[in-house]
Amino acid sequence: MIKRIILIVLSLVLMQGILSAAGPALSNAPDAAPDFTLLGLEGGQFSLSDARGRPFILFFWTTWCPYCRKELNLLDTMREELERDGVGLFAVNTGESSDRVRRFMESRPVSYRILLDTDIEVAHAFGVIGVPTYILVNKEGRIVFSDNQFPRKEYEELILK
């Protein structure tokens with residue numbers, strides 16, 4: 001039984017790596033960002049319509065993804081710069097329970113909002129096929145970028161125009 005579980009986990013990790021390396025993380029992306037409402041890890045609800053009128057970044061991630069862990073830290077170091085630029089930042093955990101995410105975040109606190117997409121409906125609506133995935137939405141509510149890595153050099157041009 002344990003061997004099966006290990007094989008399944010290794011297969012999932014390998015598949016995630018293959019999907020990440022295969023190209024952009026978004027397929028058939030909608031031009032306009034679809035609206036959604038999710039619960040926040042610390043309580044309350046968040047609707048994408050609450051962020052309309054300003055640019056924002058959605059970061060889709062999981063606790064088991066080693067690349068996601070690095071990106072969570074990167075985003076935490078960038079948070080002040082993003083706030084100065086008027087850019088919202090929302091980390092959307094996909095497919096995991098709030099208890100699991102809460103336990104994970106206790107050892108890795110961040111200074112931005114964590115949202116819970118436990119049923120993966122929001123990730124599906126955005127066409128996310130692997131984690132980590134960054135989706136940048138401009139102030140008009142249009143998706144202007146989607147990929148597995150943050151576009152550090154191009155981000156201002158993409159999101160602030």
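Which residues does R52 touch, not counting residues up to four places away in sequence? In this predicted model, these contacts of R52 are with A33, P34, D35 and G141. R52 is placed in the loop between β2 (45-47) and β3 (56-61). Its relative accessibility is 35%, and R52 therefore counts as partly exposed. A polar atom of the R52 side chain lies 3.0 Å from the backbone oxygen of A33. The C-alpha atoms of R52 and N138 are 9.0 Å apart in space, although 86 residues separate the two in sequence.

The side chain of E96 takes part in a polar contact of 2.7 Å with the side chain of N93. Another polar contact, of 2.9 Å, joins the E96 side chain to that of R100. When residues up to four places away in sequence are left out, E96 touches T62, T63, W64, V101 and T118.

Nine aromatic pairs are present in the structure. In one of them, the ring centres of F56 and F90 are 6.2 Å apart and the planes stand at 70°, so the pair is edge-to-face. This pair links distant parts of the chain, since F56 belongs to strand β3 and F90 to strand β4 (residues 88-94), 34 residues apart. Both F56 and F90 are buried. The two also belong to one aromatic cluster, formed by F36, F46, F56, F60, F90 and F126.

In soluble globular proteins, nonpolar side chains tend to be buried together. The largest nonpolar core here has 27 residues, of which I57, F59, W61, I114, Y134 and L136 touch the most other members. Two or more residues of this core come from each of β3, α2 (66-84), β4, α3, β5 (113-117), β6 (133-137) and α5 (155-159). The most is given by α2, with five residues. For I57, the contacts beyond four places in sequence are L82, V87, G88, L89, F90, Y134, I135, L136, F150 and I159. Another core, of 19 residues, lies apart from the largest one and includes F36, F60, V92 and I135. Of these, F36 and F60 are also among the members of the aromatic cluster.

Terms used:
Residues numbered from 1 in each chain as written. Predicted model: local features only at pLDDT ≥ 70, side-chain atom pairs only at ≥ 80, totals over all residues. Heavy atoms only, no water. Helix = DSSP H or I, 4+ residues; strand = E, 2+ residues; numbered from the N terminus. Buried < 20%, exposed > 50% of the residue type's maximum accessible area, 1.4 Å probe, protein only. Contact = heavy atoms within 4.5 Å. Polar contact = N/O pair within 3.5 Å; in protein donor to acceptor, adjacent residues only side chain to side chain. Phe/Tyr/Trp six-rings, centres within 6.5 Å; stacked < 30°, edge-to-face > 60°. Core = buried A, V, L, I, M, F, W, Y, C linked by side-chain atoms within 4.5 Å.
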